[in-house]
Structure formats: C-alpha cells, structure tokens
Amino acid sequence: MTERKPPGVGFETWIDRQIREATERGEFDDLPGAGKPLPGEGRPHDEMWWIKQKMQAENLSFPLPGTLALRKEAEESRAAAVGARTEAEARRIIENVNDKIRESYGKPLSGPPLLQPLIDVDEVVGDWRAGHPAEEKPVAEPPRRRRSFFRRIRHG
C-alpha cells in the first residue's frame with residue numbers, strides 16, 4: 001500500500017486494484033470482528049459517535065455543568081458513605097461533600113439553577129449502621145478468684 005498512484009490512472013481504479021490484490025493475498029482474512037454486524041448499524045447517524053466511543057473506551061463521562069456535577073457528586077458520596085468501612089469514614093465523606101455544597105451557595109455555578117441541599121449526616125450514618133450491624137461481643141464471665149493457699153488449708 002506504499003506505492004504511489006501511477007499517473008493517468010484514476011484514484012478509484014487504483015484503489016480498487018489495491019483492495020482486490022490484498023484480498024487475493026488473504027490480507028483481509030481473520031480480521032477482528034469478521035462476520036459480526038457493524039457497531040451502530042440501524043441507529044440514527046450521530047456526528048459525535050467517535051467522541052462518545054473514545055470516552056467510553058477511556059471510561060470517561062461528559063463534563064457536566066457545575067450544578068449538575070455537584071448533584072452527581074452528592075449522590076455518589078452518599079453511596080460511598082453507605083458502603084464505607086467505618087462509621088467515622090462515612091461521616092468524613094458526607095462532611096466533605098457538605099463543605100463543597102456550602103461553598104457552592106456563595107458562588108454561581110454553571111448550569112441550570114439547582115439548589116443542592118446539604119446531606120443529613122445522621123440519616124446516612126443510620127443507613128450505614130443498617131448495612132453494618134454491630135457484632136455482639138460475647139459476655140465474658142468474671143474471672144473466678146482463687147482462694148489463697150492459706151485459706152484453702154485453714155478452711156479445708
């Protein structure tokens with residue numbers, strides 16, 4: 001495919017010949033996805049398909065306006081707090097996002113006007129406790145006091 005197009009030959013004819021020769025050599029055999037439908041076949045054309053595909057491959061999300069990003073972060077923080085390992089960690093996660101919410105009250109954010117309410121720490125901790133029941137510690141019997149050697153001798 002590195003050869004140059006000969007003068008006087010149309011591009012289409014030249015390209016068709018290269019494809020035919022490559023097919024004859026078997027260069028198109030066993031390509032990944034052979035025999036599978038084309039991705040997106042049957043869906044309406046989307047001019048941003050390649051951007052969406054790249055973002056999905058890189059596990060990225062579209063940037064959200066400030067108010068929506070804050071709401072999404074609050075939801076994700078709530079879920080993270082309920083799944084936290086300790087109650088203190090759950091409280092810390094909620095307090096951090098509440099600090100960001102309080103900060104947002106004093107500055108304008110891009111996006112639709114949404115007022116994100118503070119997250120109730122006690123409510124989230126209650127949900128955390130429901131998912132992490134406290135382990136009951138067995139009640140230990142008080143240690144038996146041994147009588148001293150002299151008392152055992154005296155009292156038999």
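So, Asp99 is partly exposed, with a relative accessible area of 42%. By partly exposed I mean between the two cut-offs: buried is under 20% relative accessible area and exposed is over 50%, with a 1.4 Å probe and protein chains only. Arg102 is partly exposed as well, at 40% relative accessibility. The side chains of Asp99 and Arg102 meet in a salt bridge, 3.0 Å from N to O. For a salt bridge, a side-chain nitrogen of Lys or Arg has to be within 4 Å of a carboxyl oxygen of Asp or Glu. Where do Arg102 and Asp99 sit along the helix? They're 3 residues apart in helix α4, and that separates them by about one helical turn.

Before I go on, a word on where this comes from: it's a predicted model, where local features need pLDDT of at least 70 and side-chain atom pairs count only at pLDDT 80 or more, while totals for chains, interfaces and linings use all residues. Residues are numbered from 1 along each chain as its sequence is written, and side-chain values use heavy atoms, leaving out hydrogens and water.

Back to the charges. Salt bridges that share partners join Glu87, Arg91, Asp122 and Arg129 into one network. One link in there is Asp122 with Arg91, whose closest N and O atoms are 3.8 Å apart. Asp122 lies in helix α5, residues 121-131, and Arg91 in helix α4, residues 87-105, so this pair ties together parts that are 31 residues apart in sequence. On the surface side of things, Asp122 is exposed at 54% relative accessible area, whereas Arg91 is partly exposed at 30%.

Another pair to look at is Lys54 with Glu58, where the closest N and O atoms are 3.2 Å apart. Lys54 is partly exposed, with 49% relative accessible area, and Glu58 is partly exposed too, at 45%. How many salt bridges turn up in a search of the whole structure? There are 15.

Now let's zoom out for the overall layout. The chain has 6 helices and 0 strands, so if you read the elements off from the N terminus you get α-α-α-α-α-α. Those are DSSP runs, numbered from the N terminus: H or I with at least four residues for helices, E with at least two for strands. Of the 156 residues, 15% count as buried. The accessible surface comes to about 13600 Å², and 55% of that belongs to carbon and sulfur atoms. Those areas are from the Shrake-Rupley method with a 1.4 Å probe, and for residues only the protein chains shown count as cover.

What about contacts, meaning heavy atoms within 4.5 Å? Among contacts between residues at least 6 apart in sequence, 53% join residues at least 24 apart.

Val97 is found in helix α4, and at 2% relative accessibility it counts as buried. Not counting residues up to four places away in sequence, Val97 touches Glu73, Ala74, Ser77 and Ile119. Val97 and Glu73 are 24 residues apart in sequence, and their C-alpha atoms are 7.6 Å apart in space.

Ser77 is found in helix α3, residues 66-82. Is Ser77 buried or exposed? At 12% relative accessibility, Ser77 counts as buried. With residues up to four places away left out again, Ser77 touches Ile93, Ile94 and Val97.

Then there's Leu64, in the loop between α2, which is 49-57, and α3. Leu64 counts as partly exposed, at 41% relative accessibility. Beyond four places away in sequence, Leu64 touches Ala69 and Lys72.

Last stop, a pocket. Which residues line the largest pocket? The lining is Pro39, Gly40, Arg43, Pro44, His45, Asp46, Trp49, Lys52, Gln53 and Gln56. A pocket here is an open set of points on a 1 Å grid over the protein atoms alone, with protein on both sides within 12 Å along at least five of seven lines, and lining residues have an atom within 4 Å of a point.

Conventions. Contact = heavy atoms within 4.5 Å. 1 Å grid on protein atoms, 1.4 Å probe; cavity = no way out; pocket = protein on both sides within 12 Å on 5 of 7 lines; lining within 4 Å.
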